[in-house]
Amino acid sequence: MTGKILKGIAGFYYVIAADGKLYECKAKGIFRNRNVKPLVGDNVGISILDETEQKGNIDEILPRKNALVRPSVANVDQALVLFSVTQPDPNLNLLDRFLVMMEVQEVPVNICFNKIDLAGDEKRNELSAIYEKAGYSVFFTSTCEEKGIEEIKDLVRGKTTVLAGPSGVGKSTLTNLIYPKAKMETGTISEKIQRGKHTTRHSELFGIGRDTYMVDTPGFSSMYIEDMECGHLKDYFPEFEACEEDCKFLGCIHIGEKICGVKTAVEEGRISRSRYDNYRLLYQELKDKRRY
Ligand SMILES: Nc1nc2c(ncn2[C@@H]2O[C@H](COP(=O)(O)OP(=O)(O)OP(=O)(O)O)[C@@H](O)[C@H]2O)c(=O)[nH]1
Ligand SMILES: [Zn+2]
């Protein structure tokens, strides 16, 4: 039978199988035969060892579309990063960091600002201008007034979406609103896992509809960018590319250079100042890291 790994913990993998049941599986054989470790999100072939106890073994990992490192999940279609317009105020540096991480891993990202009921049009326009200029899709929702929810439903339907965002922005409220069933399924898995008594948070996939999955990202607030050459950072700010032809120097990093298309675009408002400032901060951070 085939299935999908929803969660992995302490050597056990929880696989939702084609029969709709959740099997607690080991992965005997796979490690030794091939040097591949099963990941949450993997589509797998399993054999049932005990039908009533719902225990099985993972025999095979089916070919992957991709495998993310952070969070550690396979077969991801897109990410949805959720912030609130206020309470708490969005930390745009954290958001830009996340966008870089997803650009590096080649995962398309959508941005959603929640709690739009708490802010006026001005805030909304400011945020959408920053990120639409950068080429990202920006959504606005209010879970308490149930605004913008249909758009998010359409966005995630039939896909595996990494949901990320800091604490308190409304991730659980939104997920429960999109698919009230998600909560229930979470309960089932948690009960099974209780026995293992592991407190470390791992990535977990939630089935929230037909072929539709959400991944919760643990540890979002402590996110640091990949160990990359600072000179490569510019490649992960997609809006820079179109302006680079106006840079005088090939390989311009858009910081100290006098004639720079990116800096001109920032002056003229074609690239948002907030994005550019965060680029400089992250650049400096990567540069400092190399000195150790
Ligand atoms: N005004 C307003 N409050 C909201 C909205 N969505 C969520 N909240 C409130 O914000 C608080 C946090 O919501 P959660 O859904 O628990 O946030 P979360 O992102 O899951 O937080 P963590 O579980 O800490 O990661 C709750 O008190 C919600 O009632 C909204 O659209 N508008
Ligand atoms: Zn430049």
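1. Two residues are in contact if their C-beta atoms, placed from the backbone, lie within 7 Å. By that rule Ile 5 touches Tyr 13, Tyr 14, Val 15, Pro 38, Leu 39, Val 40, Gly 41, Asp 42 and Val 44, leaving aside residues up to four places away in sequence.

2. A word on the source: this is a predicted model, where local features need pLDDT of at least 70, side-chain atom pairs count only at pLDDT 80 or more, and totals for chains, interfaces and linings use all residues. Residues are numbered from 1 along each chain as its sequence is written, while chains are lettered from A and ligands numbered from 1 in the order in which they are written.

3. Most residues other than glycine have a negative phi, and most peptide bonds are trans. Ala 10 has a positive phi, near 50°, and sits in the loop between strand E1 (2-9) and strand E2 (12-17); strands (E, at least two residues) and helices (H or I, at least four) are DSSP runs, numbered from the N terminus. Ala 10 counts as exposed because it has 11 C-beta neighbours inside 10 Å.

4. His 254 also isn't a glycine, and its phi is positive at about 65°. You'll find His 254 in the loop between strand E11 (212-216) and helix H7 (261-267). With 25 C-beta neighbours inside 10 Å, His 254 counts as buried (20 or more other C-beta atoms, placed from the backbone, within 10 Å of its own; 12 or fewer is exposed, in between partly exposed).

5. Check Pro 88 too: the peptide bond from Gln 87 to Pro 88 is cis, with omega near 0°. Pro 88 belongs to the loop between strand E6 (78-84) and H2.
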